[in-house]
Amino acid sequence: MLVCVLQNGTSSGSLRRRNMELLRALRELERTCALLRTENSLLRHGNCSETEERVKRLKRKNAELAITAKRLEERAKKLQEANLRVVNNPMLARGSSLQHYKRACARQRARELTQHADAILAKDKQIEGLEQECQLLRANLQPSQEILERLEQRNTERLLREAQKEVLQLQRQLA
């Protein structure tokens, strides 16, 4: 996995997370603004002085929230632009740093392949053990040749399907 680092030391991942947080905050502020607008319009129809004061207070809050939402929107755009610059230009990271990331990715990939191979080997051993167990059970029961062949075929098919499913799951996890 290649992680790009901006000149100020922040990674593109942290920029994405920060961008998502700002977008969530922006959506929340927009919802609050919409609620206040509807409440504002409902309160405008009232004649009471208390209602008028509340309307004024809500107008102020609405204006403050609109300003805050605008600022958050601008910050989100700036973060998105910075994120795109980092993603589109991996050379922002220094050359030696880039080599470091390449080596780290290679080590991680080797580790994942080793784990995958170990998992497959363990499954193969498990399959061998189950086959041996089946042979012992057949020897103890001494069924007729026809029943033995059907059981062996079913068991082998079942074990093969299970092994294939597990291999596919492990390959998907690695992908």
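The model is predicted, so local features need pLDDT of at least 70 and side-chain atom pairs count only at pLDDT 80 or more, while totals for chains, interfaces and linings use all residues. Residues are numbered from 1 along each chain as its sequence is written, and side-chain values use heavy atoms, with hydrogens and water left out. The chain holds four helices and zero strands. Helices (H or I, at least four residues) and strands (E, at least two) are DSSP runs numbered from the N terminus.

**Fold and surface**

- Read from the N terminus, the order of elements is α-α-α-α.
- The chain has 175 residues, and 22% of them are buried. Buried stands for under 20% relative accessible area, exposed for over 50%, and partly exposed for values in between (1.4 Å probe, protein chains only).
- The accessible surface of the chain is about 13,600 Å², and carbon and sulfur atoms account for 53% of that surface. Accessible areas come from the Shrake-Rupley method with a 1.4 Å probe, and for residues only the protein chains shown count as cover.
- Of the contacts in the chain between residues at least 6 apart in sequence, 71% join residues at least 24 apart. A contact is defined by heavy atoms within 4.5 Å.

**Salt bridges**

- The count of salt bridges is four. The criterion is a side-chain nitrogen of Lys or Arg within 4 Å of a carboxyl oxygen of Asp or Glu.
- One of them joins the side chains of Arg31 and Glu28, with an N to O distance of 2.6 Å. Both residues belong to helix 1 (residues 12–44) and are three residues apart, about one turn of the helix. Glu28 has a relative accessible area of 42% and is therefore partly exposed.
- Lys123 pairs with Glu166 in another salt bridge, where the closest N and O atoms are 3.3 Å apart. Lys123 is partly exposed at 26% relative accessibility, and Glu166 is partly exposed at 23%.
- Arg158 and Glu162 also meet in a salt bridge through their side chains, at 3.0 Å from N to O. The two are four residues apart in helix 4, so about one helical turn separates Arg158 from Glu162. Arg158 is partly exposed, with a relative accessible area of 35%, and Glu162 is partly exposed at 33%.

**Charged patches**

- Patches are made of residues with over 30% relative accessible area and no salt bridge; like charges are joined within 9 Å, and nonpolar side chains (Val, Leu, Ile, Met, Phe, Trp, Tyr) within 5 Å. Lys and Arg count as positive and Asp and Glu as negative, while His and the chain ends are not counted. Each charge is placed at NZ of Lys, CZ of Arg, CG of Asp or CD of Glu.
- Asp124, Glu128, Glu131, Glu149 and Glu152 form a negative surface patch. Helix 3 and helix 4 each contribute at least two residues to this negative patch, and the largest share, three residues, comes from helix 3.
- Asp124 is located in helix 3 and is partly exposed, with a relative accessible area of 37%.
- A positive surface patch consists of Lys56, Arg57, Lys59, Arg60 and Lys61.
- Lys56 lies in helix 2 (residues 49–88) and is exposed, its relative accessible area being 55%.
- Arg57 is in helix 2 and is partly exposed at 38% relative accessibility.

- Asn62 is part of helix 2 and counts as buried at 14% relative accessibility. Leaving aside residues up to four places away in sequence, Asn62 touches Cys33, Arg37 and Asn40.
- Val55 is placed in helix 2 and is buried, with a relative accessible area of 8%. The C-alpha atoms of Val55 and Glu39 are 8.6 Å apart, and the two residues are 16 residues apart along the chain.
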